[in-house]
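Visitor: I would like to see how the labels follow from the numbers. Please walk me through the definitions as we go.

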Amino acid sequence: MSTVPATTASPADRLAAETAAARAPGAPGRIASKLPVRDRLALLLDAGSFCEDGLLASAADERLRADGVLTGTGTIDGRRVAVIAHDPSVKAGSWGRRTVEKQVRILELADRDLLPVVFLVDSAGGRLTDALGFHPGHRGAARIFHLQVRLSGRVPQVCCLFGPSAAGGAYMPAFCDWVGMVDGNASMFLASPRIAEKAIGEVVTLEEMGGATMHCTVSGCGDELFADEPVAIAAARAWLSYLPSHYDARPARTAGAAPAHTDWDDRVLPAKLRAGYDVHGVIDRVVDAGSFFEVKARWAAEIVVGFARIDGRAVGIVANQPKVRSGTINVDSADKAARFISLCDAFNLPLIFLADIPGFMIGSQVERAGIIRHGAKMVAAMSSAEVPRFCVVLRKAFAAGYYAMSSPGFEPRATIALAGAQIGAMAGEAAVNAVWANTIAEIADPEEREAFIAERRATLEAELDAIRLASELHIEAVVQPGELRGELIARLSASDGWRRRGHTRHHGTFPV
């Protein structure tokens with residue numbers, strides 16, 4: 001009940017008492033590592049900037065302080081954002097009618113004022129004792145998701161997941177552009193293990209069903225795994241720093257910084273086309289030191305995506321990872337790249353493709369999994385992106401994998417190859433075996449056979465050489481590794497005045 005009875009207290013006393021009760025910390029959570037909701041906001045927002053709405057929601061019931069969710073606006077590094085923060089100490093952060101209404105109102109404000117939205121999610125889902133309030137109506141929980149979809153591509157939406165996000169509520173992080181999950185505490189699932197056991201007979205743990213590690217490594221629903229809440233919140237602030245506040249603005253440029261490393265040797269970029277290496281070493285030599293913010297690092301690791309700065313300009317990086325499955329594009333990595341490319345295009349970040357790819361993954365297993373359909377999603381996202389795109393061939397770019405990495409036919413601003421790189425439909429050795437297989441089989445003498453293969457291979461590889469391709473104007477430039485960063489800086493600067501084309505259709509009907 002109300003802290004101060006209305007019949008005996010003055011309006012001022014009532015207001016003071018109800019305000020104090022609404023702001024009071026809740027009962028200690030079941031998980032000691034969880035911070036109180038207002039401490040979370042203090043870490044997220046600039047000091048003193050939180051402007052709260054709906055503090056006195058459900059003030060008549062002291063068990064429902066602010067009805068379990070804090071909403072309002074604040075600033076992050078001086079930039080205004082909208083905030084939704086669930087309070088797990090109030091009915092486990094569950095949603096009732098007023099909880100939903102508060103969230104709907106702040107999302108409507110974000111839509112009207114084009115404010116980025118930060119979600120601090122920790123909710124057991126809908127409050128079943130108030131099902132008519134949160135579920136079926138015009139302003140029920142469905143409207144939250146409708147507004148998130150409306151906001152998608154208009155403003156950045158970022159989520160820190162600190163506890164459960166259950167049932168239909170699991171779609172709140174799913175519609176966000178980035179989801180950071182706290183290891184051991186965060187979870188997402190449409191049905192709990194208990195419900196799954198009753199409904200379909202599956203016995204599974206909560207971590208197996210929808211834990212943070214599973215979602216960051218298997219499903220791809222989570223973007224990064226964090227040890228605790230402060231680190232996750234700091235990452236959310238950093239992620240937001242690369243993006244403009246809305247689709248009609250450009251990312252802020254910062255002071256440029258030198259790369260972390262400038263040396264290039266065979267360990268950084270091996271000359272042998274089949275030798276594995278970590279593409280992060282190349283990225284570190286191209287982008288400003290400490291600026292690379294990787295996305296979904298633990299999922300589909302054969303492709304690396306993330307934000308970075310090059311001479312202070314925010315860009316998106318899409319890079320094949322030769323040390324994982326030789327850098328081939330698989331079903332999940334195609335989806336990972338497509339989503340990231342779409343995000344960068346939505347918020348005006350130029351894209352740098354670092355290609356070192358033998359092609360898409362092959363074999364009956366990936367064909368059955370729909371590699372053609374998923375690969376088409378990546379190609380469609382890349383081809384549709386109107387932001388400046390640049391394709392850099394590090395060592396090799398073969399088959400349709402080259403297409404997916406923004407090859408010349410997709411109108412990148414420039415295709416740049418490092419000296420010694422090869423580009424073609426197939427590697428020279430593989431092409432020899434494909435074209436002259438019968439002839440090779442008929443040569444009995446081993447030395448004669450090897451000489452025949454070497455001669456044909458040399459002939460084919462001469463056609464694949466980057467300088468040969470540049471001479472035919474198939475690519476714009478060939479540079480030494482140490483010149484790559486400067487080349488990209490110059491080309492990014494030259495594209496600063498880019499503009500979008502006018503709309504010529506509603507939207508494409510691409511594979512899903």
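Guide: Buried means under 20% relative accessible area, exposed over 50%, and partly exposed in between (1.4 Å probe, protein chains only). Asp87 and Arg65 are both buried. This is a predicted model: local features need pLDDT of at least 70, side-chain atom pairs count only at pLDDT 80 or more, and totals for chains, interfaces and linings use all residues. Residues are numbered from 1 along each chain as its sequence is written, and side-chain values use heavy atoms, with hydrogens and water left out.

Visitor: What makes Asp87 and Arg65 a salt bridge?

Guide: The term needs a side-chain nitrogen of Lys or Arg within 4 Å of a carboxyl oxygen of Asp or Glu. The closest N and O atoms of Asp87 and Arg65 are 3.5 Å apart, so the pair qualifies.

Visitor: Why is Lys377 called buried?

Guide: Its relative accessible area is 18%. That is under 20%, so Lys377 counts as buried. Lys377 also forms a salt bridge with Asp335, at 2.9 Å between the closest N and O atoms.

Visitor: Why is Arg63 called exposed?

Guide: Arg63 has a relative accessible area of 57%. That is over 50%, so the label is exposed.

Visitor: How many aromatic pairs does a search of the whole structure find?

Guide: Twelve. Phe307 and Phe340 form one that is tilted.

Visitor: Why is the pair of Phe307 and Phe340 called tilted?

Guide: Rings of Phe, Tyr and Trp (its six-membered ring) pair if their centres lie within 6.5 Å; planes under 30 degrees apart are stacked, over 60 edge-to-face, the rest tilted. Here the centres are 5.5 Å apart and the planes 40 degrees, so tilted is the label.
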